[in-house]
Amino acid sequence: MGVHADGITIDLESYLFCCFIHEYTHHWQHINGKRFGEVQTSLNEISWMRQNRPEYASQLTKVAVRKVAKKH
């Protein structure tokens with residue numbers, strides 16, 4: 001059984017760990033008064049994957065960083 005996301009099929013346990021890390025990062029952002037964003041959550045997920053599932057991390061591809069326009 002696996003979960004497919006962005007072209008990589010990973011096992012369910014790894015998927016659940018990434019979801020937990022993602023949501024816990026948002027919790028940390030909230031309790032520390034930080035702006036919510038997806039960059040830190042993604043970095044934390046990737047860091048976990050590199051340390052714990054290098055076979056999946058080696059399949060990741062770089063994407064261009066998009067600049068977000070500031071709201072007026």
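Modeller: The account below begins with the model as a whole and then turns to the salt bridges and their setting.

This is a predicted model, in which local features need pLDDT of at least 70, side-chain atom pairs count only at pLDDT 80 or more, and totals for chains, interfaces and linings use all residues. Residues are numbered from 1 along each chain as its sequence is written, and side-chain values use heavy atoms, with hydrogens and water left out.

The mean pLDDT (the predictor's confidence in each residue, from 0 to 100) is 81 for the chain, and 82% of the residues score at least 70. Secondary structure amounts to three helices and two strands, taken as DSSP runs numbered from the N terminus (H or I of at least four residues for helices, E of at least two for strands). In order from the N terminus, the elements read β-β-α-α-α. Strand β1, residues 2-5, has the lowest mean pLDDT among the elements, at 50, while α3 has the highest, at 91. Where pLDDT is low, the predicted coordinates should not be read in detail.

Now to the part you asked about. A salt bridge here is a side-chain nitrogen of Lys or Arg within 4 Å of a carboxyl oxygen of Asp or Glu, and the search of the whole structure returns two of them. Side chains of opposite charge can pair when their charged atoms come close. In this model, D11, E13 and R53 are joined in a network of salt bridges.

The D11 and R53 side chains meet at 3.9 Å, N to O. Because D11 belongs to strand β2 and R53 to the loop between α2 and α3, this pair ties together parts that are 42 residues apart in sequence. The side chains of R53 and E13 also form a salt bridge, at 3.6 Å, N to O. E13 sits in helix α1, so its pairing with R53, in the loop between α2 and α3, ties together parts 40 residues apart in sequence.

The accessibility of the three residues can be stated using relative accessible area, with under 20% called buried, over 50% exposed and the range in between partly exposed (1.4 Å probe, protein chains only). R53 has a relative accessible area of 17% and is therefore buried. D11 is partly exposed because its value is 22%, and E13, at 46%, is partly exposed as well.

I10 leads on to the largest nonpolar core, whose eight residues are I8, I10, C18, I21, W48, M49, Y56 and A57. Two or more of these residues come from each of β2 (8-11), α1 (12-31), α2 (39-52) and α3 (54-57). Such a core is a set of buried Ala, Val, Leu, Ile, Met, Phe, Trp, Tyr and Cys residues joined through side-chain atoms within 4.5 Å. Across the chain of 72 residues, 24% are buried.

One core residue, W48, also takes part in ring pairing. Rings of Phe, Tyr and Trp (its six-membered ring) pair if their centres lie within 6.5 Å, and planes under 30 degrees apart count as stacked, over 60 as edge-to-face and the rest as tilted. F17 and W48 form a stacked pair, 5.2 Å centre to centre with 15° between the planes. This pair links distant parts of the chain, since F17 is in helix α1 and W48 in helix α2, 31 residues apart. W48 is buried at 13% relative accessible area, whereas F17 is partly exposed at 37%. The rings of F20 and Y24 are also stacked, because their centres are 5.8 Å apart and their planes stand at 25°. Both F20 and Y24 lie in helix α1, four residues apart, which is about one turn of the helix.

F20 is exposed, at 55%, and Y24 is partly exposed, at 46%. Together with W28 and I31, F20 and Y24 make a nonpolar surface patch of about 470 Å². Patch residues have over 30% relative accessible area and no salt bridge; like charges are joined within 9 Å, and nonpolar side chains (Val, Leu, Ile, Met, Phe, Trp, Tyr) within 5 Å. Accessible areas come from the Shrake-Rupley method with a 1.4 Å probe, and for residues only the protein chains shown count as cover. W28 is placed in helix α1 and is partly exposed at 40% relative accessibility.
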